[in-house]
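Please keep the sequence and the model in view while reading.

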Amino acid sequence: MTTTAPEPAGRLYGELARWWPLISPVDVYAEDAGLATELLGLAGRPVRQVLELGSGGGHLAYHLRSRYELTLVDLSPDMLAVSRELNPGVEHLGGDMRDVRLGRTFDAVLVHDAIDYMTTRQDLSAAFRTAFAHLRPGGVAVFFPDHVSDTFEPLTDCGGSDADDGSGVRYLEWSLPPRPGDTTVRTEYTFTLRDADGAVRTVHETHVTGLFAVAEWERLLAGAGFAVSTAREEGGMGRTMFAGTRPGAAGPPAGR
């Protein structure tokens with residue numbers, strides 16, 4: 001059975017996808033690419049081929065493509081189109097991280113903040129099983145959630161940027177306090193969009209993302225078969241990141 005897309009979050013990754021480079025500029029991802037490279041080093045095998053699930057507009061991949069042979073998978077055709085323009089020559093495939101099966105394995109699997117859209121334990125476990133299924137023995141899967149319940153604090157943020165043609169975006173992000181025991185966070189986004197001809201409009205969208213304790217992440221990762229490591233980001237957002245290695249001795253590098 002094919003699962004459906006986590007909701008709601010459709011407009012940002014659909015009709016607004018073309019604005020993504022201005023909403024979240026590619027340069028912002030350089031630091032996370034460095035963190036990802038460090039965590040991919042936990043693999044028990046050389047890392048050459050990397051599968052990114054929930055790759056979005058390809059901004060993280062942009063900083064990694066010179067180091068690794070990447071395969072990018074995302075649920076949104078519109079975001080894949082943005083990524084293909086930024087990352088020509090990189091393999092792009094449509095698929096849901098909960099149930100996609102590519103029929104081949106990789107040295108590593110990377111899931112950036114798209115993992116936040118796993119809003120139930122069942123969805124999170126399904127994503128972990130997908131990552132495990134695509135790993136070679138000794139391979140590592142790395143996950144970058146924006147928040148865990150142990151350290152979550154509601155926030156208000158804003159940002160955006162302008163293009164050379166005169167178009168631009170500004171956004172307001174407002175996350176709301178969860179109720180005790182909730183495993184989701186509600187975040188309200190307002191986007192003000194200026195077209196190149198000067199026309200301005202606003203779009204509002206609600207996003208619901210998962211909120212799980214570190215212990216729950218570790219339990220579900222172990223249940224999927226991983227040997228689990230946890231890392232805390234120094235500075236920045238202070239995120240908790242997770243790496244799961246697939247047990248087994250690494251064999252000779254595999255080709256396609």
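Which residue in E4 does Glu52 stand opposite? Glu52 stands opposite Leu110 in E4.

## Basis of the report

The model is a predicted one, in which local features need pLDDT of at least 70 and side-chain atom pairs count only at pLDDT 80 or more, while totals for chains, interfaces and linings use all residues. Residues are numbered from 1 along each chain as its sequence is written, and side-chain values use heavy atoms, with hydrogens and water left out.

Helices (H or I, at least four residues) and strands (E, at least two) are DSSP runs, numbered from the N terminus.

## The seven-stranded sheet

Seven strands form an open sheet with mixed pairing, in the order E3-E2-E1-E4-E5-E11-E10. Two strands count as paired if DSSP finds at least two bridges between them. Strand E3 (91-94) and strand E10 (227-232) are the edge strands, each pairing on one side only. On average, neighbouring strands of this sheet are turned by 20° against each other, direction ignored. Such angles are taken between axes, which are lines fitted to C-alpha atoms, for helices over the stretch in contact; they run from 0 to 180 degrees between N-to-C directions. Helix H4 packs on the sheet and touches strand E2 (69-74) and E3, and its direction makes about 180° with that of E3. Contact here means heavy atoms within 4.5 Å.

Strand E4 (residues 106-111) is mostly covered, with six of its six residues buried. Buried means under 20% relative accessible area, exposed means over 50%, and partly exposed lies in between (1.4 Å probe, protein chains only). Strand E1 (residues 49-53) runs parallel to E4 and is joined to it by four bridges; Leu53 stands opposite Val111 in E4. E4 also pairs in the parallel sense with strand E5 (residues 135-143), over five bridges. In that pairing, Val109 stands opposite Ala141 in E5.

## The four-stranded sheet

Another open sheet has four strands in the order E6-E7-E8-E9, and its pairing is antiparallel. Its edge strands, each pairing on one side only, are strand E6 (156-159) and strand E9 (200-210). Neighbouring strands in this sheet are turned by 15° against each other on average, direction ignored. Strands of a sheet pair through backbone hydrogen bonds, either parallel or antiparallel.

Strand E7 (residues 168-175) and strand E8 (residues 184-194) run antiparallel and are joined by eight bridges. Ser175 stands opposite Thr187 in E8. Is Thr187 buried or exposed? Thr187 counts as buried because its relative accessibility is 7%. Not counting residues up to four places away in sequence, Thr187 touches Glu173, Trp174, Ser175, Glu205, Thr206 and His207.

## Nonpolar cores

A nonpolar core is a set of buried Ala, Val, Leu, Ile, Met, Phe, Trp, Tyr and Cys residues joined through side-chain atoms within 4.5 Å. The largest one has 37 residues, and those with the most contacts inside it are Ile23, Leu70, Leu110, Val142, Phe144 and Phe191. Helix H2 (residues 30-40) gives the most to this core, with five residues. A second, separate core of 28 residues includes Phe106, Leu135, Phe212 and Ala224.

Phe144 is in contact with residues including Asp32, Leu35, Ala36, Leu39, Leu110 and Met241, leaving aside its neighbours within four places in sequence.

## Leu220 in helix H6

Leu220 is found in helix H6 (residues 214-223). Leu220 is buried because its relative accessible area is 8%. Apart from neighbours within four places in sequence, Leu220 is in contact with Arg121, Leu124, Ser125 and Phe128. Leu220 and Leu124 are 96 residues apart in sequence, and 7.8 Å apart in space from C-alpha to C-alpha.

## Cavity and pocket

On a 1 Å grid over the protein atoms alone, a cavity is a set of points where a 1.4 Å probe fits but cannot get out, and a pocket is an open set with protein on both sides within 12 Å along at least five of seven lines; lining residues have an atom within 4 Å of a point. A search of the whole structure finds one cavity of 30 Å³ or more. About 40 Å³ of space lies in the largest cavity, and its lining includes Leu124, His147, Phe212 and Trp217.

The second largest pocket holds about 190 Å³ of space. Helix H4 (residues 77-86) gives the most to its lining, with three residues. Among the lining residues of this pocket are Arg18, Pro21, His59, Val82, Glu85 and Leu86. Grid points are joined across faces, edges and corners, and a volume is the space filled by probe spheres set on the points.
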